[in-house]
Amino acid sequence: MMMCSRLRPSLPHLLSWRLLGTTASRTVVEKQPEVLSATLAFEDPSAFRVKSWGELLRALGIFRLCSFPVLVNNSGKLMSITRKLLGRRAFSFLLRPTVYAQFVAGENESEISQSMEKMSLLGLRPMLAVPIEEDLGESTGEKRYDDNMEAMLECVRISHGNAWSKDPMMQLKVTALLSPELCVKLTTLIAQQPYDLNLLVRAMDGEQINFPGLNESEVTHFLCGLQRLNKIAEASINKVRVLVDAEYTYMNPALSLVTMAMMKKFNKDGAWIWNTYQCYLKESRSLLLEALHLSNKEGFCLGVKLVRGAYMDKERKLAEKEGRVDPIHKCWEDTNDSYNDSLNVMLEEISKKPERFRIIVATHNEESVRRAAERMRELGIDNDGGSVCFGQLLGMCDHVSLTLAKEGYAVYKSVPYGSVDDTLPYLVRRAQENRTVLQGIRKERDLLRKELYRRLSLRRGT
């Protein structure tokens, strides 16, 4: 993203994660009283003392590799070539203790639980993510979408049914349950004539609705997709908060439409279904204000996942190709202003009606985290009162996550899980979409290095 005249802040926003380890099996981060120190500081390498030697060295090595653009930009091709040369089994053997271990919680429930228990001891909470999504041209048919639904129902069960679960969250991508092609067509249709949310709610309840502008096969698929979403929502209510991800601008209006319908049906007494707002988009503030208005008008609670955004390059190239105005803010500082402005809007609403509104401040940007904490203090919002929480990616930004947890804030780590084969496409896509994040983690590398030098000096001194 183009830079304006001001200095660039430290770390950008989200993507791709692995767990923090403990050098002792019962390392616990004590929560401090809810009196915040004047300014949160993220400069202390001691945050990494909870990591084992292996975890420390692995993180340093991977972050060093991620600093080379040629490796990140061509990660998909490099992975594919390596897999062909080594074979599936040897490739998995190589990846599991390195990249996979850094950014993925595990493959089965036992591995996931072991990782989550470590996080829980550190005061961090899980936000599980099934690494399934589709883009245009990748549609796989109803059977595959039904299988994806079963995987997400299993995610609900794992998130809720373990001792490490405390107010658990999970992430959901609508395009894992509904074809991107239909989402694009719906986006075009509702721009001309918006659909009534009640139509979608009735369809979720099993009523055969004939949606205007869709042909028979599209209506059938839409009804199936809505009922898949309905089953996941029914399973999660009063158990797990479901955070629906935003994706590309050419389908986001359709994703928001179905998410708002889910909110209307399921968020009457609490925010169980959440929507995501991408603040690198010029329209992000107006979309958030529209959601607040709709929430008040329809009488449902609003949950907001506030991010900067991850699809900048593709959005800009597509806009240029189609001769449209670039939907992305022109520079990093404008995106920061957009993020902080939307954050302030939500915090003010929460201070008035904490039972109606919730937000996860999903960012690696230290200044935004500090602003949120300071504004919470000014508005009298509790650190861990439930209405405001923070989120970072598994395997990244641990110095921020651990500092927040130590100060008594609710902090979540976005946690993908699954086999190497299942998670690899997800990780490659995330890396390429967020290469500026991966290439800009110099501060975290420096803090890891300081902790490594500290340990080496202690060894030499003994």
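## Terms and model

A residue is called buried when its relative accessible area is under 20%, exposed when it is over 50%, and partly exposed in between (1.4 Å probe, protein chains only). The structure is a predicted model, in which local features need pLDDT of at least 70 and side-chain atom pairs count only at pLDDT 80 or more, while totals for chains, interfaces and linings use all residues. Residues are numbered from 1 along each chain as its sequence is written, and side-chain values use heavy atoms, with hydrogens and water left out.

## Overall make-up

The protein has 18 helices and 8 strands; helices (H or I, at least four residues) and strands (E, at least two) are DSSP runs, numbered from the N terminus. Of its 462 residues, 56% are buried. Its accessible surface is about 19,700 Å², and carbon and sulfur atoms account for 53% of that area. These areas come from the Shrake-Rupley method with a 1.4 Å probe, and for residues only the protein chains shown count as cover.

A contact means heavy atoms within 4.5 Å. Among contacts between residues at least 6 apart in sequence, 81% join residues at least 24 apart.

## Nonpolar cores

A nonpolar core is a set of buried Ala, Val, Leu, Ile, Met, Phe, Trp, Tyr and Cys residues joined through side-chain atoms within 4.5 Å. The largest such core holds 131 residues, and Tyr195, Phe211 and Phe222 touch the most other members. Helix α10 (residues 252-266) gives the most to this core, with 9 residues.

Leaving aside residues up to four places away in sequence, Phe211 touches Tyr195, Leu199, Leu200, Ala203, Val219, Phe222, Leu223 and Leu226. Another core lies apart from the largest one; it has 10 residues, including Met127, Met169, Leu243 and Ala410.

## Salt bridges

Side chains of opposite charge can pair when their charged atoms come close. Here a salt bridge is a side-chain nitrogen of Lys or Arg within 4 Å of a carboxyl oxygen of Asp or Glu, and by this rule the count is 36. One of them pairs Asp421 with Arg88 at 2.7 Å, N to O. Asp421 lies in helix α16 (residues 420-433) and Arg88 in helix α4 (residues 88-103), so the pair ties together parts that are 333 residues apart in sequence. Asp421 is partly exposed at 24% relative accessibility, whereas Arg88 is exposed at 58%.

Helix α18 (residues 442-461) holds both Arg449 and Asp446, which are 3 residues apart, about one turn of the helix. Their salt bridge has its closest N and O atoms 2.9 Å apart. Arg449 is partly exposed at 27%, and Asp446 is partly exposed at 32%. Arg454 and Glu451 also lie in helix α18, 3 residues apart, about one turn of the helix, and form a salt bridge with the closest N and O atoms 2.8 Å apart. Arg454 is partly exposed, with a relative accessible area of 26%, but Glu451 is buried, at 1%. Elsewhere, salt bridges that share partners join Glu43, Glu366, Glu367, Arg370, Arg371 and Lys443 into one network.

## Glu154

Glu154 lies in helix α6 (residues 142-160) and is partly exposed, with a relative accessible area of 33%. A polar contact of 2.6 Å joins its side chain to that of Arg157. Such a contact is a pair of N or O atoms within 3.5 Å; within protein, one must be able to donate a hydrogen and the other to accept it, and residues adjacent in sequence count only if both atoms are side-chain atoms. Glu154 and Ala235 are 81 residues apart in sequence, and their C-alpha atoms are 9.9 Å apart in space.
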